[in-house]
Amino acid sequence: MLIYIVEDEEDIRELESYALEKNGFEVQCFENSQEFYRAIHERIPSLILLDLMLPGDDGLTILKKLRDEPVFARIPVIIISAKSTEVDRIRGLDLGADDYMCKPFGVMEMVSRVRARLRNIQELPDKQLTFREITVYDSTRTVTADGKTIDLTFKEFELLKLLIQNPRIVFRRDEILNAIWGHSSTGRTLDVHIRTLRSKLGEYGKYIMTVRGVGYKIDKGE
Ligand code: CA
């Protein structure tokens with residue numbers, strides 16, 4: 001389970017990440033919103049610990065942006081802030097935070113609140129899409145091939161999901177580009193993503209088939 005920490009104070013960042021790593025979580029820390037935005041477009045975490053007073057976009061702005069974006073809207077967010085009035089808490093929770101802790105906080109309590117949030121998530125039924133050995137879990141954005149978890153980037157996931165939602169349907173290259181990248185990208189980007197997707201899927205990469213002169217489809221790979 002991957003946890004993102006957005007916190008500009010180094011001491012607190014270290015305190016949080018040390019405690020979470022010791023409890024078996026994978027952790028990535030960010031000092032500001034820019035670094036965080038870049039990372040979240042590559043890899044979606046299971047949960048975010050969010051400070052409020054930050055350089056650049058503050059925590060509430062970050063939270064609002066996440067909740068406005070369907071792909072990120074369901075990631076659990078726990079605010080950890082020095083702002084401790086009831087009004088602050090209510091504002092954070094109203095904007096869609098799942099929990100709110102005030103600094104200074106107990107580290108063990110923080111870990112147990114993280115666990116509680118993740119437990120809630122796991123109880124949600126996940127929408128699954130399956131093509132032979134490959135399964136895409138939409139709400140947790142995970143992918144398995146023959147039961148083994150495959151680590152995909154944001155766009156690789158979108159690409160696989162598009163194909164697997166429409167098995168044996170041939171997508172033209174420009175259709176895929178429009179669906180996943182908008183107009184801002186070239187055929188070369190698509191080819192690179194197809195290649196990395198195939199290689200990450202290992203022996204099951206053969207299901208991602210090239211239809212010469214047209215585009216791509218997912219099919220039984222003959
Ligand atoms: Ca701060």
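How many disulfides does the structure hold? It holds zero, where a disulfide means a pair of cysteine sulfur atoms within 2.5 Å.

Before you click on, a word about the model: it is predicted, so local features need pLDDT of at least 70 and side-chain atom pairs count only at pLDDT 80 or more, while totals for chains, interfaces and linings use all residues. Residues are numbered from 1 along each chain as its sequence is written, and side-chain values use heavy atoms, with hydrogens and water left out.

Select cysteine 29: with a relative accessible area of 32%, cysteine 29 is partly exposed. Now pick cysteine 102, which counts as buried at 18%. (Buried is under 20% relative accessible area, exposed is over 50%, and partly exposed is in between, using a 1.4 Å probe and protein chains only.)

Next, the rings. Phe, Tyr and Trp rings (for Trp, the six-membered one) pair if their centres lie within 6.5 Å; planes under 30 degrees apart are stacked, over 60 edge-to-face, and the rest tilted. That rule gives seven aromatic pairs.

Show tyrosine 4 and phenylalanine 30 together: this edge-to-face pair sits 4.9 Å centre to centre, with 75 degrees between the planes. Tyrosine 4 is in strand E1 (residues 2–6) and phenylalanine 30 in strand E2 (residues 26–30), 26 residues apart. Helices (H or I, at least four residues) and strands (E, at least two) are DSSP runs, numbered from the N terminus. Tyrosine 4 is buried at 1%, and phenylalanine 30 is buried at 5%.

Last stop: select Tyr4, Phe30, Phe36 and Tyr37, which ring pairs link into a cluster.
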